[in-house]
Every structure is written in structure tokens, then in C-alpha cells.
Amino acid sequence: MTPGASEASGVTDTPGTSGAPRVTVTPGASEAPGATAAPETPETVQAKGAVSAPGPDGQPRKVSRRFPLFTRDTARPEGGGRAASGDAPAPARQWPLLGVASLVGLGLLLTALDVFRVGTMLVGLALVGGALLRWAVPDVGMLAVRSRFTDMVTYGALGTAIVLLAMMAQPEPWLEIPFLDDTLHFTISS
């Protein structure tokens with residue numbers, strides 16, 4: 001489109017500073033070439049790149065639905081807001097993450113003090129608790145990493161696997177799964 005080519009419709013196309021065309025839309029401009037023009041207001045809407053008809057708010061919309069070539073920002077995950085109000089101190093705003101991290105830390109301390117099974121189970125239960133917090137609490141702060149569903153599945157699956165492996169650890173496992181024992185003997189004896 002050349003500059004001024006569509007002035008009857010109130011849309012002009014001029015080159016922008018970045019090389020992309022800049023489209024200026026003048027609200028109130030007449031749609032048909034023979035129609036009388038309404039008095040112009042000093043308000044103009046400028047949009048860079050290709051635009052289509054104005055949206056419900058009167059602003060021009062982007063035509064392309066493709067993702068940009070370079071990501072400039074990331075969206076906050078659902079539930080990633082503060083877990084407490086903004087006037088609360090920083091640790092209180094992140095209580096879900098601090099609760100899960102402190103249980104994991106206690107589990108690792110117990111593991112280091114040679115209470116392996118209980119410490120490892122505490123780590124797994126902390127992750128399962130993180131999954132439950134992600135499900136039940138609307139804003140969990142930095143405990144929210146991805147979408148709610150992805151976080152719940154990840155925390156829950158890892159926590160459950162850690163608890164089950166801690167219960168099956170040798171010597172004297174608390175949980176014995178017979179087909180795993182047979183599989184192990186089959187692989188070693190052949």
C-alpha cells in the first residue's frame with residue numbers, strides 16, 4: 001500500500017522506523033468515497049506491522065496468529081501470583097514453596113544422618129504435598145512453574161516414585177512387589 005492510497009477509508013500506510021509499514025487509522029473517517037466526512041478528531045491509532053479491522057475496543061488487531069520469531073517475554077504460569085498480599089514480608093508471600101522446600105531439606109538432613117528410608121520418604125511426601133497445594137490453593141507463588149495440570153502431574157509422579165522406591169529399598173524393604181523380584185532374578189540368572 002502506498003502512502004495516502006486509501007485516505008478515503010481513513011487508513012494510511014507509511015514506512016516506519018524499523019522498516020515495517022506503519023498503519024495509521026483515523027477514527028470517524030468515511031467508509032465510502034462519496035460520503036460526507038464527519039469532523040476529524042485529533043485521536044489517531046497507530047499500529048506497527050500488518051493489521052486488520054479494528055477490534056471491539058477500536059484498536060487495530062494483528063493479522064498473523066504466528067508466534068514471534070524472538071520471544072521477548074514469558075507469561076506467568078496460572079496461579080503464579082503472590083500467595084499472600086503484597087504488603088506481607090517476602091517469605092510469607094512464598095509460603096507454599098518454603099513449606100515444600102523445608103520438608104525436602106529436612107528429608108535430606110535425615111538421609112545424611114543415616115535415616116535413609118524415612119528421609120527419602122519425607123522428600124517424596126513433600127513433592128506430593130506440593131502437588132496437593134498446586135491443586136487446592138489458587139495462588140502458590142513460585143511453586144507454580146508451568147500450567148497447573150503439568151505441575152500437579154510432575155510433582156505427584158516424582159513424589160510417588162520417590163516414596164515407592166524408598167519403601168522398596170534394601171535391606172528389609174517395607175514394600176515387596178513380587179513380579180519385580182522375579183524380573184530381577186530372571187535377568188541375573190540368564
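Visitor: What makes the crossing of α3 and α4 left-handed?
Guide: The crossing of α3 and α4 is left-handed because the term applies if the near helix is turned anticlockwise from the far one by less than a right angle, and right-handed if clockwise. This is a predicted model: local features need pLDDT of at least 70, side-chain atom pairs count only at pLDDT 80 or more, and totals for chains, interfaces and linings use all residues. Residues are numbered from 1 along each chain as its sequence is written, and side-chain values use heavy atoms, with hydrogens and water left out.

Visitor: Why is α3 called roughly antiparallel to α4?
Guide: The axes of α3 and helix α4 (residues 148-168) cross at roughly 160° and come within 8 Å. Axes are lines fitted to C-alpha atoms, for helices over the stretch in contact, and angles run from 0 to 180 degrees between N-to-C directions. Under 35 degrees counts as roughly parallel, over 145 as roughly antiparallel, 65 to 115 as roughly perpendicular and the rest as oblique. Therefore α3 is roughly antiparallel to α4.

Visitor: Which residues make that contact?
Guide: Contact means heavy atoms within 4.5 Å. Among them are M121, L125 and V128 of α3, and M152, Y155 and I162 of α4. By class there are 14 nonpolar, six polar and four charged residues. Ala, Val, Leu, Ile, Met, Phe, Trp, Tyr, Cys and Pro count as nonpolar, Asp, Glu, Lys and Arg as charged, and the others, Gly among them, as polar.

Visitor: Why are α2 and α3 called roughly antiparallel?
Guide: Their axes cross at roughly 170° and come within 6 Å. So α2 and α3 are roughly antiparallel to each other. The contact of α2 with α3 has 14 nonpolar, five polar and no charged residues.

Visitor: Where does D114 lie?
Guide: D114 is in the loop between α2 (95-112) and α3 (116-136). Helices (H or I, at least four residues) and strands (E, at least two) are DSSP runs, numbered from the N terminus.

Visitor: What makes D114 exposed?
Guide: Buried means under 20% relative accessible area, exposed over 50%, partly exposed in between (1.4 Å probe, protein chains only). D114 has 72% relative accessibility, so D114 counts as exposed. Its phi is near 70°, a positive value in a residue other than glycine. Most residues other than glycine have a negative phi.
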